[in-house]
Amino acid sequence: MRIDCKHVWQHISAYIDGDVDAVLRAEIDRHLETCEICSAVLDSTRNVVVLMADGRVFELPIGFSRRLHDRIDGELERAS
Amino acid sequence: MNAPNSERESEWIQRILAGEKYLFHDLIRGCERSIYILLFSLLKNEADAEDAAQETVIKVYQNLRHFRGDAQFRTWVLSIARNEGLGRLRKQGSRREESLDANTDEHTGDFTPAILTNWREIPSDALEQKELRDILLSAIQRLPEIYRNIVVLRDVEEMDIRETAAALGISEGAVKVRLHRARAMLQRELAPQLKAFAPKRKLFLWGRV
């Protein structure tokens with residue numbers, strides 16, 4: 001049985017996470033071999049996931065850690 | 001992101017509770033980025049997120065003796081951060097409505113991906129450009145809250161499904177459904193914009209050995 005594009009899209013996130021069973025993975029792989037659109041959807045989704053995980057996307061405000069630890073010092077002294 | 005070492009953490013916690021309180025600085029260091037990012041994703045504002053992060057950390061210290069080793073320390077800390085963030089949203093009132101509106105998994109939306117062909121990978125080096133970072137950040141911020149939280153914990157902080165579920169107090173199945181929808185919405189929104197950041201083909205290299 002061949003699966004269609006919509007079926008592939010439903011499983012893209014799980015596919016990226018390696019969270020689909022072997023049978024479904026093989027079906028998706030076979031679909032991807034011939035479907036340019038689904039290949040591009042998969043590659044672009046995976047690319048977005050990789051970029052999001054880069055520490056440069058979310059930056060802490062300058063001095064965040066120093067101010068946080070100053071506040072902790074204040075609490076430690078207050079509580080002693 | 002380094003996986004927290006839970007044995008070392010529980011040893012530190014015992015020593016802190018026994019009086020070596022300055023070890024708390026080391027204990028919390030491994031969590032502070034996750035705390036801030038989760039709160040920023042809830043409050044959408046640097047100053048509020050920083051203030052709430054400080055409040056969270058003080059609450060963690062004050063409640064340390066209540067921490068039970070059956071959850072990861074970071075998971076416990078993040079659930080405190082989340083409560084702190086939600087409490088602030090409730091006080092702000094109006095901003096809460098947006099999230100309540102989309103607060104169930106029955107929320108229907110268009111999760112059809114952006115259709116394209118010939119995707120050329122955007123290399124991580126492109127993140128040196130502020131413009132690209134801003135595009136990614138604003139796409140996350142435009143997601144409904146229940147999807148935003150998931151993306152931030154799972155894809156930005158790279159927590160596994162189990163820890164994400166525990167920190168947000170939802171089932172692993174709900175994490176997977178929401179993660180799928182969130183990634184689909186992000187792909188739909190971002191793929192057309194990201195194409196501009198694809199490296200140009202270096203034609204002059206072709207044909208050389």
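## A helix crossing and a cavity

In chain B, the axes of helix α8 (residues 145–156) and α10(B) come within 9 Å and cross at roughly 95°. Angles of 65 to 115 degrees count as roughly perpendicular, so that's how α8(B) and α10(B) sit relative to each other. Keep in mind that this is a predicted model. Helix α10(B) turns up again below, as it also supplies part of the lining of the largest cavity.

**Where the two helices touch**

- On the α8(B) side, the residues in contact are Ile146(B), Tyr147(B), Ile150(B), Val151(B), Arg154(B) and Asp155(B).
- They meet Val175(B), Arg178(B), Leu179(B), Arg181(B), Ala182(B), Arg183(B), Met185(B) and Leu186(B) in α10(B).
- Sort the residues of this contact by class and you get nine nonpolar, no polar and five charged.

**The cavity**

- There's one cavity of 30 Å³ or more in the structure.
- The largest cavity has a volume of about 90 Å³.
- From chain A, its lining takes in Trp9(A), Ile12(A), Ser13(A), Val41(A) and Thr45(A).
- Chain B brings Phe111(B), Pro113(B), His180(B), Arg183(B), Ala184(B) and Gln187(B) to that lining.
- Six of the lining residues are nonpolar, four are polar and one is charged.

**Which helices line the cavity**

- Helices α2 (12–16) and α4 (36–52) of chain A, along with α10 (172–194) of chain B, each give at least two residues to the lining of the largest cavity.
- The largest share, four residues, comes from α10(B).
- Arg183(B) has a part in both stories: this residue lines the largest cavity and is also one of the α10(B) residues that meet α8(B).

Terms used. Residues are numbered from 1 along each chain as its sequence is written. Chains are lettered from A and ligands numbered from 1 in the order in which they are written. This is a predicted model: local features need pLDDT of at least 70, side-chain atom pairs count only at pLDDT 80 or more; totals for chains, interfaces and linings use all residues. Side-chain values use heavy atoms; hydrogens and water are left out. On a 1 Å grid over the protein atoms alone, a cavity is a set of points where a 1.4 Å probe fits but cannot get out, and a pocket is an open set with protein on both sides within 12 Å along at least five of seven lines; lining residues have an atom within 4 Å of a point. Grid points are joined across faces, edges and corners, and a volume is the space filled by probe spheres set on the points. Ala, Val, Leu, Ile, Met, Phe, Trp, Tyr, Cys and Pro count as nonpolar, Asp, Glu, Lys and Arg as charged, and the others, Gly among them, as polar. Axes are lines fitted to C-alpha atoms, for helices over the stretch in contact, and angles run from 0 to 180 degrees between N-to-C directions. Angles under 35 degrees count as roughly parallel, over 145 as roughly antiparallel, 65 to 115 as roughly perpendicular and the rest as oblique. Contact means heavy atoms within 4.5 Å.
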